[in-house]
Structures are given as C-alpha cells and as structure tokens.
Amino acid sequence: MKLSFLGAAREVTGSCFLVEAANVRFLVDCGMVQGGRIAAARNHEPFAFDPASIDFVLLTHAHIDHSGLLPKLTRAGFKGSIYATPATVDLLGVMLPDSAHIQEIDTKRVAKRLKEKTVPLPLYTLQDAHECLQQVRGIEYDREFAPRVGVRARFRDAGHILGSAIVEVWITEYGYPTRIVFSGDLGQPGRPILRDPTPIEEADILVIESTYGDRRHKDFSATEADMIGIVEKTLFERGGNVIVPAFAVGRTQEVLYHLHRLTCEGRLQRPMVFVDSPMATEATRITREHLELFDEQAKRLAGWHARGENLPYLDFTASAEESMALNRIRSGAIIISASGMCDAERIRHHLRHNLPRRECSILFPGFPVSRRRGRLAGA
Ligand SMILES: [Zn+2]
C-alpha cells in the first residue's frame, strides 16, 4: 500500500491524501490551497494523479481547504462517488457554488487588471460545482460502509465544524487488513454545539492534523468573561456597537450560541444581534436543521429557543441595502460579519463606520486577546 501526501504537509491548506492499494485508489479530501497569489497558481496546476483513475473520495468536512478542488476533480474526469456525512453534504451544497462564484469573480478581476481581451478560464464554474454535487453521497456517522470490494470505511465525530468527521478505513490487501485513521481537522473537547471528538482506540496508520499542535487553548471561562465584559461595556455603558468578524461556517454559529446562552441565563442584557453575511446565514440555517448532531447543552438551548424565553433580538440581513442600513444603528447592536472573500466589503464598511468611534468595540472570537487602540479584544 502507498500513501501520498499531496497537500497540507508543511502547510495547513490544500488537504489531499492519495491511498493506493492492490485493487483500489482513492483520495481523502481534495482541498484548495489558500493564501495569496502563489497559492492560487498552485490550484491551477494539474493533479499529481489521473483523476479518472480514482475510485472514490472520502471527505472529512466541508471547509474549502479540504473540499475546494472537488469540482476541479470531477471536471477533470473523476466519475466515482464522494462520501461525506449528511451535514457535510448540506454544507457543500452552499459552499462549493459560493467557491465557484468567487473563482469566476476573481478571474474577471485578473483579466480586467491585465487588460486582456480573452478572459482566462476560472478554476471551475458554478455549473462545474453543481455537477460535482451530483456525485456526493451522504453516510451517517458511526455506520460502516463499503465504497469498494475490500475496503470498509466509517465516519466518527471530529467536533470541528458541523458534519466534520474522523475517517476510519480498513483495507484488505493480499488477505491482510490494514486500518488507517485520518483525523481530519479536530475540534477541542467541550466546544459548544457539537459533540466532542470520538476517541479512536486503535490504528495501524494514523494521519493526524497538527495546525495548532504547539499552542495551548485559552481557558474558556476567561474567554466567556471577556465576551460579557466587552458586550456589556460597549452596548450598555458607552452606547456603541460591537463588530464581530467571524468565519461564516462554525465560528458565527458558536458566537450566536454563546450570545443566546448568556442572555437566556440572565448574564447578558438582551442585545440586538445582526448576522450580516449570506454564507453565515445559510450555514446557520443548515446547523439548525441538524439538531440530531447537537450536544446536550445545545439541545437544551434549542428548547429555550423554541419556548422563546428571554432571547436576544436576532436578525439576518440579506441584501447589500440591508447591510448598508446597519450603518444607521449608532448603539446597542452586535454585528457579526464574515471575513470571507465574498463578504469582505460588508465587514469593511462596518469597521469603517464603527472603529473610529471610541464607544465601539471589535471582538475577535476564538483568538488570543490582543489590544490595540485600547479597545480591540479577543474572546
Ligand atoms: Zn477545517
């Protein structure tokens, strides 16, 4: 058996592993390399294998650095199935078309800058993304399945984002089974909303992510105290707004969860919360549709929510006009906006309107506390 690391080795994006055994060739993840122009150029390079020769793909989760080259793979001739958990399948349904949209915009921007008459081809188009989605199959957590004769696989909870999975694979070669475990991205135990990662008892080969392997997680009670302090002081003492730049998938839902929980528990006065990112809105809708994946605390909070008890005011903006209208709110609002490429303009105008005002704050969820201008803080 041969295992090749085709990305995310000595770097943290472009996750892609190729497994070749006697009668099978498959990929685990097929991610996009992210970060700057060199990364973008690498995504355009041909695959290091023949896509048509790949039997199937096992996908750990929907983040673009793990899934973003799947439409390129299918366009290049891969005809097999892409297996993922049902929640990942739902997230891919919005994330791959969004990624294609970004590719198309980007290509036009480059062409304009270079003043070229012929527009270069995007990495993939919206149509490629939709065609790729036809090959995606949902498999529940903890259920063994056989993507091919001699291969069994199983998804286990990874606790990273909705639908994220550790992948266990058993390959029988010349009568001998080998068990390979791919951790995918792993969540911190005790994180909100999702269940903790499933402990895996044994493996012959373990492929594990180590992005933050050299750092300690911040103590959660300190994080929570920071969040309460910033929100209370900014909204109710200074009369300003709090701007929260957050990743659309995962982090935005965690921030919403904490704001809901703290308000329900009476530890925060009722704030007005606005989610200003179409992708974050979609990801929140999909999260709500997968109540079966919530941990016990999140299920309890969902019960509170259903009864409508002491909730924050929550609104999701859709159009660019609605987003601009938020600029007229001078105080009492928490505006969560994604830092992703398509939403970049939205977060920029919130920062432009609020940061110069001393009574406003910016809160970076999940990052170590940093203080500039005296009012930048992490929680
Ligand atoms: Zn991830």
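In helix α8 (residues 278-288), the side chains of Arg285 and Glu282 meet in a salt bridge, 2.7 Å from N to O; a salt bridge here is a side-chain nitrogen of Lys or Arg within 4 Å of a carboxyl oxygen of Asp or Glu. The model is predicted, so to speak of local features takes a pLDDT of at least 70, and side-chain atom pairs count only at pLDDT 80 or more, while totals for chains, interfaces and linings use all residues. Residues are numbered from 1 along each chain as its sequence is written, and side-chain values use heavy atoms, with hydrogens and water left out.

Back to the α8 pair: Arg285 and Glu282 sit 3 residues apart, about one turn of the helix. Helices (H or I, at least four residues) and strands (E, at least two) are DSSP runs, numbered from the N terminus. Arg285 comes out partly exposed at 36% relative accessibility, and Glu282 is partly exposed at 27%; buried means under 20% relative accessible area, exposed over 50%, and partly exposed in between (1.4 Å probe, protein chains only).

The whole structure holds 20 salt bridges. One of them joins Arg75 to Asp128, with the closest N and O atoms 3.0 Å apart. This pair links distant parts of the chain, as Arg75 is in helix α3 (residues 70-75) and Asp128 in helix α5 (residues 126-133), 53 residues apart. Arg75 is partly exposed at 42%, whereas Asp128 is buried at 10%.

Another salt bridge runs between Asp142 and Arg156, the closest N and O atoms being 2.8 Å apart. Asp142 lies in the loop between β6 (136-138) and β7 (145-148) and Arg156 in strand β8, so the pair ties together parts 14 residues apart in sequence. Asp142 is partly exposed at 43%, but Arg156 is buried at 15%.

Then there is the metal. The zinc ion is coordinated by His61 (NE2), His63 (ND1), His160 (NE2) and Asp185 (OD), at 2.2 to 2.4 Å; donors are N, O and S atoms within 2.8 Å of the metal (3.2 Å for Na, K and Ca), and water is not among the atoms, so sites may look incomplete. Along the chain, the donors follow the spacing H-x1-H-x96-H-x24-D. His63, in the loop between β4 and α2 (64-67), and His160, in the loop between β8 (151-157) and β9 (165-173), are 97 residues apart and link distant parts of the chain. Both His63 and His160 are buried.
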